[in-house]
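Let's take a walk through a protein model together. Have the sequence and the 3D view open, and look up each residue as we get to it.

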Amino acid sequence: MTSRTTARARVTAAAAVLVSSLLVVPLAGTATAQPASATATAAHTAPRTGTFDPTALEKELAGVPDGDVSAALIRVGGKGSWAGSAGVRDLRTGAPALPHARFRAGSTTKVVTAAVVLQLVAEKRLDLDAPVTRYLPGLLPPSFTEPPTVRHLLTYTSGLRPGASLGSTTEEMYAHRFETLTPEQVVAASVAQGPAHAPGERQEYGNIHYTVLGLLIEKVTGDRYAHQAAVRVFRPLGMRHTGFPAGPDPRVHGPHHRAYTDIGGRTTDVTEWNMSDRFAAGDMISTTADLERLVFGLFGAKVVPRPLLDQMLTVPRVDGATYGMALERYVIGGREIWGKTGSRPGYHTVLAATRDLSRTVVYSVNAKSAREDGFPLVQRFALPAFES
């Protein structure tokens, strides 16, 4: 059985720093900032099996909220399991973080997209080494003398340039956060520029590869990408709290934390945001428990047949490559780890695991720095799980 213990975090001063310059944006209503509660809770379950020591992660949670992070949710699984949460879900009220909160999962969406594509490969509806134009005729102009294959898209080696966007910085995007940019518009702007390099020549991570894969899924199945993700991945794995917004809906429905970032030097609520342009590359909303189900289902070959999973977890022979299909390979403390980060304004997400599932970690962190270099957050809230 699982025993639960509760620890009080000392957060008054840190919360006050965050609240002092809080802005409440449209859709959230206008309100004045109020002091956050001094009783935000860090809760955890003791390990059920194995020898995982959560001390380092508990120490990190004890410091939340701070000047950057307002809430953190962490789940560790494998040979030893543990879950922790800390911080506040709303800076105005200081209400404690919700262990089962929903959040924008960002580019961890790509793991689901890759899984759906590989299922279609297993069903002989797609060929990994066929040119994408076989399935999406008219996608590429004549400047693409060598069209990329499905495999090139999955491994970020397609040569496609970044597509249209609503800004290159969070501040620029914030001004357009309720506008809609369709996946077709994103892709059209990319291919109009011509290829950046020949397919397979370089690995360059970017959303454009998976935006095209989303369109490919829709073309081959004759169905919406979001529905295919639900029936092929979410429902079979019991991911009951995972899905996609309805078109341009900017809200996170259900229990969730407010998200914050700095805009013009002031802490700003960025929870409401139309992310539909991220589509199959980054529009998913989930929970840490659901993403943990995804990790165990995927690495346990319950989502993708094992021969194709082996290909998914293979880095192409390209100089400097670190990604397989969707997932990136790391070596931490002598362990080979496969993981994926996701970042949207105010939200930072990680899922990672050893191939044998002896250790897994999933986290969701609400941080003002979420779209900056994510390594400091990974270092605080993920790496300790693989170092103990």
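## Starting at Leu 291

Leave out residues up to four places away in sequence, and Leu 291 touches Phe 103, Thr 108, Met 284, Ser 286, Thr 349, Leu 351 and Val 362. Contact here means heavy atoms within 4.5 Å. You'll find Leu 291 in helix α10 (residues 288-299). Helices (H or I, at least four residues) and strands (E, at least two) are DSSP runs, numbered from the N terminus. Leu 291 is buried, with a relative accessible area of 0%; buried means under 20%, exposed means over 50%, and partly exposed is in between (1.4 Å probe, protein chains only). The C-alpha atoms of Leu 291 and Ala 352 are 9.9 Å apart, although 61 residues separate the two along the chain.

Some ground rules: this is a predicted model, where local features need pLDDT of at least 70 and side-chain atom pairs count only at pLDDT 80 or more, while totals for chains, interfaces and linings use all residues. Residues are numbered from 1 along each chain as its sequence is written, and side-chain values use heavy atoms, with hydrogens and water left out.

## The whole chain

Now zoom out. The protein chain has 13 helices and twelve strands. Of its 388 residues, 57% count as buried. Take the contacts between residues at least 6 apart in sequence: 72% of them join residues at least 24 apart.

## Inside the cores

The largest nonpolar core has 80 residues, and Leu 154, Val 233 and Met 312 have the most contacts inside it. Such a core is a set of buried Ala, Val, Leu, Ile, Met, Phe, Trp, Tyr and Cys residues joined through side-chain atoms within 4.5 Å. Its largest share, nine residues, comes from helix α3 (residues 109-122). Leu 154 touches a list of residues that includes Ala 114, Val 117, Leu 118, Tyr 210 and Met 325. There's also a second, separate core of 25 residues, with Ala 72, Ala 367, Leu 377 and Phe 386 among them.

Ala 367 turns up again around Gly 346, which touches Ala 259, Tyr 260, Val 270, Val 365, Asn 366, Ala 367 and Ala 370, not counting residues up to four places away in sequence. Gly 346 is in the loop between β10 (335-344) and β11 (347-354), and at 0% relative accessibility it counts as buried.

How do α3 and helix α8 (residues 225-234) cross? Their axes come within 10 Å and cross at roughly 80°. Axes are lines fitted to C-alpha atoms, for helices over the stretch in contact, and angles run from 0 to 180 degrees between N-to-C directions. That makes α3 and α8 roughly perpendicular to each other; angles under 35 degrees count as roughly parallel, over 145 as roughly antiparallel, 65 to 115 as roughly perpendicular and the rest as oblique. Val 112, Val 116 and Leu 120 are among the α3 residues making the contact, and Ala 229, Val 233 and Phe 234 are among those from α8.

## Rings in pairs

Searching the whole structure turns up ten aromatic pairs. Rings of Phe, Tyr and Trp (its six-membered ring) pair if their centres lie within 6.5 Å; planes under 30 degrees apart count as stacked, over 60 as edge-to-face and the rest as tilted. Tyr 205 and Tyr 323 are stacked, at 5.2 Å centre to centre with 20° between the planes. They are 118 residues apart, so this pair links distant parts of the chain. Tyr 205 is partly exposed at 36% relative accessible area, whereas Tyr 323 is buried at 12%.

The rings of Tyr 363 and Phe 381 have centres 6.1 Å apart and planes at 75°, so this pair is edge-to-face. Tyr 363 lies in strand β12 (residues 359-367) and Phe 381 in helix α12 (residues 375-381). Both are buried. Ring pairs also link Tyr 156, Tyr 205, Tyr 210 and Tyr 323 into a cluster.

Most residues other than glycine have a negative phi, and most peptide bonds are trans. The bond from Val 64 to Pro 65, though, is cis, with omega near 5°. Phe 279 has a positive phi, near 45°, and Leu 357 has one near 60°. Phe 279 is in helix α9 (residues 279-282), while Leu 357 lies in the loop between β11 and β12.
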